[in-house]
Amino acid sequence: MKLQDKVFAITGGTQGIGRGIAEAALAEGAKVMLNGRSQEKGDRALADFDAGDRAVFYAGDVCRQDDVEGFIEHTVATFGRIDVLVNNAGGAKDLQPAAQLTDDEWNLVMDWNLNSNFWATRRALQHMLPTKSGRIINISSVEGKQGKPVFTAYVAAKHAINGMTKSIAREVGTEGITVNAICPGLVITDIIKENGPATAEAMGMSFEEMVALFSQESSIKRPNTVEEVAAMAMLLASDAGAGITGALLSVDGGTASY
């Protein structure tokens with residue numbers, strides 16, 4: 001994976017899957033712009049990376065269009081270009097059965113997952129198209145390939161991300177730009193630990209029972225790891241991944257049927 005001096009912009013990059021992708025990219029010699037809401041978490045991640053000026057943090061909320069577009073522009077202003085956009089930020093807070101799902105939660109899930117992805121992609125493409133080079137990697141979910149009770153808003157957003165991935169890939173396929181989605185299965189990240197218990201309660205079970213249920217749905221009978229998702233991202237970001245575009249690539253231990 002020859003990623004020396006490639007410039008990555010990663011939303012939600014201070015913890016979980018985003019942080020794992022940042023660590024893998026830095027190990028391959030890349031430069032990384034991280035986004036997150038917490039300056040404290042950003043500073044801690046940079047200290048842990050110990051990558052000098054190859055890693056920079058930009059504080060912003062991906063639910064705000066101005067913050068997302070500012071993040072892309074700051075990446076270009078700092079490093080001179082953007083080679084790889086990883087739309088990683090996403091999640092949910094108060095998932096409920098559809099009859100009880102609030103407008104506020106629906107809108108939050110759409111902004112956090114789908115709209116942030118579009119805002120970042122649109123602005124990044126404005127820099128990638130003139131250079132006829134770029135990689136866009138959307139972190140979708142196994143839930144973008146199936147349905148699950150209580151996860152309605154999240155499932156809808158991830159299905160939309162998958163459709164957007166395939167459509168934009170068709171638009172820019174002859175311009176040296178690839179657009180792909182990684183669809184992880186359950187990965188025990190900080191946000192899952194924070195918000196998972198409430199979702200499990202809405203499903204009528206404990207957090208531990210929910211993790212066991214999702215694990216049993218897979219062929220490997222365990223959650224996936226951050227490192228497994230990051231490895232796929234490194235392939236898609238590299239020259240070796242130039243022939244892969246418009247793909248919805250599962251890293252879910254065999255959970256999804258396609």
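This is a predicted model: local features need pLDDT of at least 70, side-chain atom pairs count only at pLDDT 80 or more; totals for chains, interfaces and linings use all residues.
A salt bridge here is a side-chain nitrogen of Lys or Arg lying within 4 Å of a carboxyl oxygen of Asp or Glu. By the same rule, the count of salt bridges comes to twelve.

Lys132 and Glu175 meet through their side chains in a salt bridge, at 2.5 Å from N to O. Lys132 sits in the loop between α4 (103–131) and β5 (134–139), while Glu175 sits in the loop between α5 (152–172) and β6 (177–184), so this pair ties together parts that are 43 residues apart in sequence. Glu175 is partly exposed, and its relative accessible area is 22%. Then there is a group of four, Glu69, Glu73, Arg122 and Arg123, which are linked in a network of salt bridges.

Another salt bridge stays inside one helix. Glu23 pairs with Arg19, and the closest N and O atoms are 3.3 Å apart. The two are four residues apart in helix α1, so about one helical turn separates them. Glu23 is partly exposed, with a relative accessible area of 39%, whereas Arg19 is among the buried residues of α1.

Helix α1 itself covers residues 16–27. With twelve residues at 1.5 Å a residue, α1 should span 16 Å, and the 17 Å between its end C-alpha atoms agrees with that. Nine of the twelve residues are buried, so α1 is largely enclosed by the rest of the structure. Besides Arg19, the buried ones include Ile17, Gly18, Gly20, Ile21 and Leu26, along with Ala22, Ala24 and Ala25. After the helix comes Gly29, which has a positive phi, near 95°.

Next comes the sheet. Seven strands make up an open sheet in the order β3-β2-β1-β4-β5-β6-β7, with parallel pairing. At its edges stand β3 (55–59) and β7 (248–251), each with a single partner strand, so one side of each has no neighbour in the sheet. On average, neighbouring strands are turned by 20° against each other, direction ignored. Within this arrangement, β4 (residues 84–87) runs parallel to β5 and is joined to it by four bridges. Val84 stands opposite Arg135 in β5.

Helix α3 lies across β1 (7–10), β2 (31–36), β3 and β4, and runs at about 160° to β2. Helix α5 also packs on the sheet, where it touches β5, β6 and β7, and its direction makes about 160° with that of β6.

Leaving aside residues up to four places away in sequence, Thr75 touches Val7, Ala9, Met33, Gly80, Arg81 and Ile82.

Methods
Residues are numbered from 1 along each chain as its sequence is written. Side-chain values use heavy atoms; hydrogens and water are left out. The expected span of a helix is 1.5 Å times one less than its number of residues. Buried means under 20% relative accessible area, exposed over 50%, partly exposed in between (1.4 Å probe, protein chains only). Contact means heavy atoms within 4.5 Å. Two strands pair if DSSP finds at least two bridges between them. Axes are lines fitted to C-alpha atoms, for helices over the stretch in contact, and angles run from 0 to 180 degrees between N-to-C directions.
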